[in-house]
Amino acid sequence: MRKQMVRLVGALVAATLVLAACGGESSSTTQPSGGNTTEAPAELPYIALISKGFQHQFWQAVKLGAEQAAEELGAEVTFEGPESEGDVDQQMQLLQTALDKNPDAVGFAAVDSQAAGPLMEQAESKGIPVIAFDSGVDSDVPVTTATTDNLAASAEAAKNMAELIGHSGKIALVVHDQTSVTGVERRDGFVEYMEANEPDIEIIDIQYGGDPRVATDIAKAILTANPDLVGIYGSNEGAAIGVVQAVTELGLEDAAKSGELVVIGFDSGKAQMDAIRSGLMAGAITQNPVGIGYETVKAALAVINGDSVPKVIDTGFYWYNADNIDDPEIQAVLYE
Amino acid sequence: MNASQDLLSQGVRGLEPTKTSRMRSQLQQLLALATLVVMVVAFSVASPFFFTSDNLIGILTAATVTGILALGTTFVIVSGGIDLSLGTGMILCGVMSGVFLTYWGWPTWLGVIGVILFGALLGTINGFNTAVLRIPPFIATLGMMLIAQGLSLVVSGTKPIYFPNHPDFQDLMNLSIIPGQRFPLGVGIYVALIAIAIVVLSRTLVGRYAFSMGSNEEATELSGLNVRRWKVIIYSIQGLFVGLAGVLAASRLSSAQPTGGLGLELDAIAAVVIGGTSLQGGRGSMVGTVIGTLIVAVLTNGLRIIAVPQEWQSVVIGCVILVAVYLDMLRRRKT
């Protein structure tokens, strides 16, 4: 009898643990101060934001911007995203759940720009306005898209790369993934700029990896196979950290600092900012993640109030390097 | 050792792999080794940059974390279990190194020991869930995989943790131990662990019990062995390896990254299987696991060096796994 009880309790504990883990979508709720945290407050419009990821510092900064806008302009905002960036299924479930709650507006950063089609139509039929942010959605439903112009931003990275390597030589790209809109655009914007403007620059290899551990090994293989490489570009925080680590592990620090090997990154984060300060990385493009979050909530509120919004809201980007990294304008959009 | 234990170990010895099965296992290793050599030769011909000391060390460096996980999980697989929480468990251990060193300010040596013991704790919980609660290992460790993934994000606040007060922490992986070469300490640690793992699996009671539990758990239990207790011990031993892998992964990037890791468990299991260890348990070898790890590492690196598009790299590695396991099954059917 006692033994059975012990086993039952044990099984229950295990089941709870598993259930707790399965329900472990990262989420958080932000409300203007004074709001009741569990019951839906009556007056404030509710905006559900479904992001593409959660764990990257970048998304935390987007969330911060959304919270700021919610605080200043008066809204209830929830911010959720799949635990691993690129998990389409989980994101669809999060979006479905958000729609079921009948929010006043939905903000959505699509992992897969096409997979959300049916849910977009569902939102439209329920009369819930959709604001796309960060990545676009292949659908007419979103009223507007608040995003970095990734094509223009990566062309800016390419332009700086070209100037730093003296407009000739072999270069390579480590891109964070080959399916998301940001991955594709940050590759294409860079490659197209080089093809259009720099006949003497040759792109000899493009490989994919956004996990710094994987990106390190990829960048090492590229650098080893191409000793005459003069430039290498990492298209997000993880890819860029990996490139820097590869340079260090191969003992190419002096080449990087003297400009023989030009490393260019994207986004920020402490490791990347340290690399720029120490000269290992020549510079990077930063988006304005706080602005993305802020503009998304602002646009949602405008739509709820019946105001018109432009089809695309460009949230901007900046080129930063050791010279301007401490400018207030740049510091405001960098995150550790 | 008292008389009854002696009798027990003799009883279990009867369940050890037979001579022919040992020969088969050696044949499999030879085949795997030949595959590895052929691949190294092929890539060396294909690119002048493959067979250089820098690149060979690079391959070993890339193989270190997966390799250590594969060593640890060989014990579990040989004993008839499986662990899906290796990858995210390793990430959680990395995060714990950030917690112990940076948040709590422990000295480096204590933090490292703490993380390794934390890894063992994760293993103990997995062992308890499978052995005592009798949850099938696939499910028990699937649960742990999700728990570890979530806890890494919760504990770190979803941010990487850096080690500003422990500049020596990154030496664990990165310190060069051969003058004039960039041969990192982490690879040295991996090599030492290989030796330890080989001895433990083939020369100690734990190894012998693992084989016997994997080939016939009921018979092992009937022979008087406390199978539950040894299962917990085997999962805990694997946890030590997971903890150390987490330390080295965090040390390499001088930061505990709370994300990633998912899929690493499958890389490790693939390496074990390519090395000829049976997923049904009871049959396998540590040397095979090392060769399997190197095959995957050489293949990944070589394809990158000759700039094969990444989507094709996965296809090739998938095919290698299928061929390796199919050849193994064919030979087993014949004998």
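Mentor: Let's start with overall size: a compact globule of 335 residues would have a radius of gyration near 20 Å, and chain B, at 20 Å, agrees with that. The radius is taken over C-alpha atoms, and the globule rule is 2.2 Å times the number of residues to the power 0.38. Keep in mind that this is a predicted model, where local features need pLDDT of at least 70, side-chain atom pairs count only at pLDDT 80 or more, and totals for chains, interfaces and linings use all residues. Residues are numbered from 1 along each chain as its sequence is written, while chains are lettered from A and ligands numbered from 1 in the order in which they are written.

Trainee: How many helices and strands are there in chain B?

Mentor: Helices (H or I, at least four residues) and strands (E, at least two) are DSSP runs, numbered from the N terminus. Chain B has 14 helices and two strands, and its C-alpha trace spans about 55 × 50 × 35 Å along the principal axes.

Trainee: What share of the residues of chain B count as buried?

Mentor: A residue is buried if 20 or more other C-beta atoms, placed from the backbone, lie within 10 Å of its own. In chain B that holds for 55% of the 335 residues.

Trainee: How are two packed helices described?

Mentor: By the angle between their axes and the distance between the axes. Axes are lines fitted to C-alpha atoms, for helices over the stretch in contact, and angles run from 0 to 180 degrees between N-to-C directions. Take α9 (residues 205-215) and α11 (residues 227-252) of chain B: their axes come within 10 Å and cross at roughly 115°. These two helices, α9(B) and α11(B), are therefore roughly perpendicular, a label for angles of 65 to 115 degrees.

Trainee: Which residues of α9(B) and α11(B) meet?

Mentor: Contact requires C-beta atoms, placed from the backbone, within 7 Å. From α9(B) come B:Val206, B:Tyr209, B:Ala210 and B:Met213, facing B:Val227, B:Trp230, B:Ile233, B:Ile234 and B:Ile237 of α11(B). The residues of this contact divide into nine nonpolar, no polar and no charged. Here Ala, Val, Leu, Ile, Met, Phe, Trp, Tyr, Cys and Pro count as nonpolar, Asp, Glu, Lys and Arg as charged, and the others, Gly among them, as polar.

Trainee: How many residues does each chain give to the contact between A and B?

Mentor: Chain A gives 35 residues and chain B gives 33. On the side of chain A, α7(A) gives the most, with nine residues.

Conventions: Two residues are in contact if their C-beta atoms, placed from the backbone, lie within 7 Å. A residue is buried if 20 or more other C-beta atoms lie within 10 Å of its own, exposed if 12 or fewer, and partly exposed in between; C-beta atoms are placed from the backbone. Angles under 35 degrees count as roughly parallel, over 145 as roughly antiparallel, 65 to 115 as roughly perpendicular and the rest as oblique.
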